[in-house]
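Please keep the sequence and the structure at hand while going through the numbered points.

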Amino acid sequence: MTEASEPTAHIIAANQRAQSELPFADDADFADAARGLIARLEPGVITDDAGNTVWDGDSYDFLGGDCPYSVHPSLWRQSELASQQGLFEVVPGVYQVRGFDISNMTLIEGETGVVIIDPLTTRETAAAALALYRDHRAHRPVTGLIYTHSHIDHFGGAEGVITAEDAASGRCPVIAPEGFLEHAVAENIFAGTAMARRAGYMFGTALPRGIKGTVGTALGQTIPVGTAGIIAPTLDIVASGQEVTVDGVRLVFQLTPDTEAPAEMNIFLPEQRALCMAENAIHTMHNLLTLRGALVRDAHNWAKYLTEAINRYARNSDVVFSSHLWPTWGTERVVKFMALQRDMYGYMHDQTLRRLNQGLVGTEIAEDFPLPPALENTWHTRGYYGTLSHNVKAIYQRYMGWYDGNPAHLWEHPPVENAKRHVECMGGVDETLRKAQSAYDAGDYRWATQLLNYVIFADPENAEAKAMQAATFEQLGYGAESSTWRNVYLSGAYELRNGTFGTPTKSSSAASMLFGLTIEQIFDAMALRVDGPKAWDLCLVVDWRITDQGRVHRTEMSNGLLVHYDRFEGDGLPDADAVFELSHPTLIRILLMDKDFPGAVARGELSVQGDVTALGGLVAALDEPDPDFAIVTP
């Protein structure tokens, strides 16, 4: 592996300025992050059944001590806080396991067992967290499971704390916000391959852990590499104020759709005077558009729901905790914390809209966007995960889209052709490299990286350009206060120096995740894999009789498009080319898993009427997504 560059004098000076200007004397977060510690996992390593390491918290032990010049001092501080691990008491009867995963597991003691909020990302980390609780509290059964929202780090470890039978039998209700299952499955299946590849950059998954590598993700250290799955909810929360009692634990829910996730909810525990804010208020600025890719989130609604939570619950709470990072105690501090979080999202939204209505485009607004002093000088509103820069651009995108209104930007050349023309106009490759070196030497890394990107996309084999671009990315990473920006820059440098690392954590394909797909989602996912030009001349109509659901679903292929819909009795539609009769699980297996069509027929799981070659024609039109696509090269 090629050695990373050293921080330049420009980066050292910038990081020293940050050290002198930011309020490092305010160290209340360190007391809060350590408060209530009962026990740590020693050593801080979690393995799977085969002995493979799933999680290694000890690999971040380098974070103690003085900040090196290669890390922004504010990010170093945040990473020290985020890396603390163990079992903590939040208030009597409410506990959290932190530092076993990118997210937290919360455990609320009931009359006979324990109710879990958010079972982490993987079966292995969830089981280890529950074991630590049981070792130091009591061996209580899990009598309730709650998913706060539809991101995998808040449900993927469900099978590590309960079984599907526990949920199906009613022994353990599984509670989630309305729409949870649809969004949870869709995000991980539809764009899962592209998101997972980009997530490798965002979370720095392939980077070495250290002062020239990743120092974490700011809301937890990294993504574990164990087994993720899902157990479907048995109870949906459909309205704010809905109250449920589980094992004697009184829970009051606030729905917050289209905030940090499409389906999300906060939870108030009135008896404990404790408020769980899911991922809607944590000790960092969050993303309005995550760098791995997602739908743009609604900052306006986010701020409104925070106001509602303050007025309904925070003023009656002694502590606020979330599914990442550490709690905040004391009613006055709770209200202030949430109000500042609210003001941050609301201010970003309103001021972006004010300025776009004055004709500025997203990049212009983001470049000059001062925050009020109260937000600028508060640690938990700084951009460790989301950033002011990319959040403001996301708000612009939500309202105005990709086009900035300038006709010159309406029909630009794609990256390679654009790069070739830029390099030619700048006097060729050698002259462009000379200009890039001058920009690098002057500390103008943003311009240097743009020039070098032109050379790499015009001349992909140019080793000098790749080496210089890697060094430039490293300087931008060393100077980034945002963990995700640092990880993205250093991942780009790593691939330029060492070759692609692909997708270190593959998009989720656990059986329980796949079996969570509805019939509509299965065929939606198939439609996204149709090679359009290859299927232009394929005309095919298939009826799928889903025996365990008593329904017939039709697919039609024409002009390279797969459409699908339910049939109903007496609909008068023409006969299909073929009819396949099978169960929902068999449909998933033959289309998304083993794809063993002859075996399914031989076992009597699939019967075919009509054109037996129809399925082969459909499958032949599908292509496979690429989890290793290029990012920093053409």
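Predicted model: local features only at pLDDT ≥ 70, side-chain atom pairs only at ≥ 80, totals over all residues.

**Notes on the model**

1. Tyr-60 counts as buried, because its relative accessibility is 4%, and the cut-off for buried is under 20%. Trp-76, with a relative accessible area of 4%, is buried.

2. The model holds 17 aromatic pairs by the ring-centre rule. In one of them, the ring centres of Tyr-60 and Phe-62 lie 6.3 Å apart and the planes meet at 35°, so the pair is tilted. Phe-62 also pairs with Trp-76: the centres of these rings are 6.2 Å apart and the planes stand at 55°, so this pair is tilted. Both angles can be judged against the cut-offs, which are under 30 degrees for stacked and over 60 for edge-to-face.

3. Where do Phe-62 and Trp-76 lie in the chain? Phe-62 is in the loop between strand 3 (53–56) and helix 3 (73–82), while Trp-76 belongs to helix 3. The two residues are 14 residues apart, and their pair links distant parts of the chain.

4. Arg-77 lies over the face of Trp-379, 4.0 Å from the ring centre. Arg-197 has its charged end over the ring of Phe-629, at 5.7 Å from the centre of that ring.

5. Which residues have the most contacts inside the largest nonpolar core? They are Trp-544 and Leu-591, in a core of 66 residues. Helix 4 (residues 123–136) gives the largest share of this core, namely six residues. A second, separate core has 39 residues, among them Met-285, Leu-289, Met-348 and Ala-394. As general background, nonpolar side chains tend to be buried together in soluble globular proteins.

6. The surroundings of Leu-591 may be followed residue by residue. Leaving aside residues up to four places away in sequence, Leu-591 touches Ile-522, Phe-523, Met-526, Arg-529, Trp-544, Phe-597 and Leu-615. Helix 19 (residues 519–527) has as its buried residues Ile-519, Gln-521, Ile-522, Phe-523, Ala-525 and Met-526. The elements that cover these buried residues include helix 6 (180–189), strand 17 (540–546), strand 18 (551–558), strand 19 (561–566), helix 20 (584–592) and helix 22 (614–620).

7. The buried residues of helix 8 are Ala-299, Trp-302, Ala-303, Leu-306, Ala-309 and Ile-310. Viewed down the helix axis, the buried residues of helix 8 fall within an arc of 120°, so they line one face of the helix. Their cover includes strand 12 (249–255), strand 13, helix 9 (331–356) and helix 12 (388–400).

8. The peptide bond that runs from Glu-42 to Pro-43 is cis, with omega near -10°. Pro-43 is located in the loop between strand 1 (37–39) and strand 2 (45–47).

9. Positive phi values are found at two residues named here. Arg-273 is not a glycine, yet has a positive phi of about 55°; Arg-273 lies in the loop between strand 13 (265–269) and strand 14 (274–276). Ala-278, also not a glycine, has a positive phi of about 50°, and is found in the loop between strand 14 and helix 8 (299–312). Are these residues buried or partly exposed? Arg-273 is partly exposed, with a relative accessible area of 31%, whereas Ala-278 is buried at 0%.

10. Ala-14 and Gly-479 are separated by 465 residues in sequence, but their C-alpha atoms are 7.2 Å apart in space. Ala-14 is part of helix 1 (residues 9–21). The relative accessible area of Ala-14 is 27%, so Ala-14 is partly exposed.

Definitions and conventions. Residues numbered from 1 in each chain as written. Heavy atoms only, no water. Phe/Tyr/Trp six-rings, centres within 6.5 Å; stacked < 30°, edge-to-face > 60°. Buried < 20%, exposed > 50% of the residue type's maximum accessible area, 1.4 Å probe, protein only. Helix = DSSP H or I, 4+ residues; strand = E, 2+ residues; numbered from the N terminus. Lys NZ or Arg CZ within 6 Å of the ring centre and 35° of its normal. Contact = heavy atoms within 4.5 Å. Core = buried A, V, L, I, M, F, W, Y, C linked by side-chain atoms within 4.5 Å. Arc of directions from axis to C-beta.
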